[in-house]
Amino acid sequence: MSELLIVNGRLLDPANRIDGVRHLAIDGGKVVEVSEKPFAAERLRQAEVLEAKDCWVMPGFIDLHVHLREPGQEYKETVASGSAAAVAGGFSTVCCMPNTKPVNDNASITEFILRKAREADLARVHPIGAISKGSKGEELAEIGELRQAGCVAISDDGRPVSSSALMRRALEYTRTFGMPVVAHEEDLCLVGKGVMHEGKVSTRLGLRGIPGAAEESMIARDLALVELTGGRLHVAHISCAGSVRLVREAKRRGLPVTCEAAPHHFTLTDEEVARSQYGTSTKVNPPLRADADREAVLEGLADGTIDAIATDHAPHSIVEKELEYDLAANGMIGLETALPLSLELVRQNRIEPLRLAELLSTGPACCFKLAGGSLSVGVPADVTVVAPGEAWTCEPARLHSKSKNTPFAGWQLKGRAKATVVGGRIRQRDGAISTHGGRES
Ligand code: DOR
């Protein structure tokens, strides 16, 4: 196979503190050269060349939080359709949550997901195993078996671990192999029958609210358990000002805690529920919060409190979504809109482009100790080429996800993944997804 040369792009590689025009050579699936000087004409002639002028060349994006729905809810998403959405959005790697049907709480489900991912042959897929059997919060799952089978973390995402004793045991057990416990932080007693953020907007709309304290109090509990056990905690989809403050302070004290934020939480507020006239694509858990919370999440993204941008890509069909607000399922798709929404942070001077690369790649790689997150010579060549200025309209019918539940339908977005390279192979280019045998569809 000939070399792949990505030329004339602005290389953003936080791991090596590079922000400048570089020419990248890939061979045998690995990065073999990062050069300030253009490649010789003869070398260009013999290689496959990806022209990246006016583009940003970044380490492949890593999404720590997606729902691929397979096995069990293939009408919403499959490993193959979710992987296509991933590479379309610039993600070379995704980590998938265990709330499938049945729950990924044993090696056979993990192996099934990994087989489907190999068959799809698009993004790298790392399963996350369940903390408890059936994610019921009662008995620990076979965590050692899950790890052996290829799970990179454990989580009961979709549900909190309400029992502090069980959470303690999960943190103690995983500590021996440094595996993160990913926490969906929610005190169900405080949530009650809430369906959106509790505040002025919920009062105005007459919808039952979920206070920020439902999330904050559970994070406070889990940080106490981290202190007790020394286990590693990763807080999923952080959404409140108080939560960001707690994690910031815990990191200052040196506790092994990391966290992620979703694009919808730093882009939208609870006002969107009103603006969309109870549009159920705004219903998500944790809910869209108040503007002060959104502001705190933005500050956390900028100052390093938040380690990763993760989409919480949660596909649902119209059967679960075209219902009264109270009855609709929680969740929105996110893989194909995360990049333009995140680029907005750079355009609004909240963060530098290098920090964006950290949040989309280097940071998430660190959280779950995954390969990737850098473009050093010798690493597997996972690369995302971004056209930061490309304008497009979000038309759900044109997205690759099987489900279309996005609150960003009709939005004018700016910035697109021009190419996604996984292990040296182009899996998406100008919106065309690579199919088996390397053809493009
Ligand atoms: O909105 C959400 N949807 N939040 C979750 O925690 C679970 C997810 C899902 O699985 O649909």
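**Close-up views of a predicted model**

**View 1. Phe408 and Trp411 form an edge-to-face aromatic pair.** Phe408 has a relative accessible area of 2% and is therefore buried. The ring centres of Phe408 and Trp411 are 4.8 Å apart, with 85° between the planes.

**View 2. Tyr173 and Phe177 also make an aromatic pair.** The count of aromatic pairs comes to three. For Tyr173 and Phe177 the centres of the rings are separated by 5.7 Å and the planes meet at 90°, so the arrangement is edge-to-face. Planes over 60 degrees apart are assigned to that class. Tyr173 is partly exposed, at 39% relative accessibility. Phe177 is partly exposed as well, with a value of 22%.

**View 3. The ligand is surrounded by 14 residues.** Arg69, Asn99, His184, Asn285 and His316 are the closest of them. By residue class, the shell consists of nine polar, three charged and two nonpolar residues. In Asn99, a polar side-chain atom is 2.8 Å from a ligand oxygen atom. For His316, the distance between a side-chain N or O atom and an oxygen atom of the ligand is 2.9 Å. The corresponding distance for His67 is 3.4 Å. On its own the ligand has 290 Å² of accessible area, of which the protein covers 94%.

**View 4. Strand 1 and strand 2 form a hairpin.** Strand 1 spans residues 4–13, and strand 2 spans residues 18–27. The two strands pair in the antiparallel sense, with eight bridges between them. Gly9 has Arg22 of strand 2 as its bridge partner. Four residues lie between the strands, and Arg17, in the turn, has a positive phi of about 50°.

**View 5. Strand 1 pairs in the parallel sense with strand 4 and runs parallel to strand 5.** Four bridges connect strand 1 with strand 4, which comprises residues 48–51. Within strand 4, Leu50 is the residue opposite Ile6. Strand 5, residues 56–59, is joined to strand 1 by two bridges. Leu11 has Val57 of strand 5 as its bridge partner. Strand 1 is mostly covered, with eight of its 10 residues buried.

Definitions and conventions:
Residues numbered from 1 in each chain as written. Predicted model: local features only at pLDDT ≥ 70, side-chain atom pairs only at ≥ 80, totals over all residues. Heavy atoms only, no water. Buried < 20%, exposed > 50% of the residue type's maximum accessible area, 1.4 Å probe, protein only. Pairing = 2+ DSSP bridges. Near = heavy atom within 4 Å. Polar contact = N/O pair within 3.5 Å; in protein donor to acceptor, adjacent residues only side chain to side chain. Areas by Shrake-Rupley, 256 points an atom, 1.4 Å probe, with all protein chains shown as cover. Nonpolar A, V, L, I, M, F, W, Y, C, P; charged D, E, K, R; others polar. Phe/Tyr/Trp six-rings, centres within 6.5 Å; stacked < 30°, edge-to-face > 60°.
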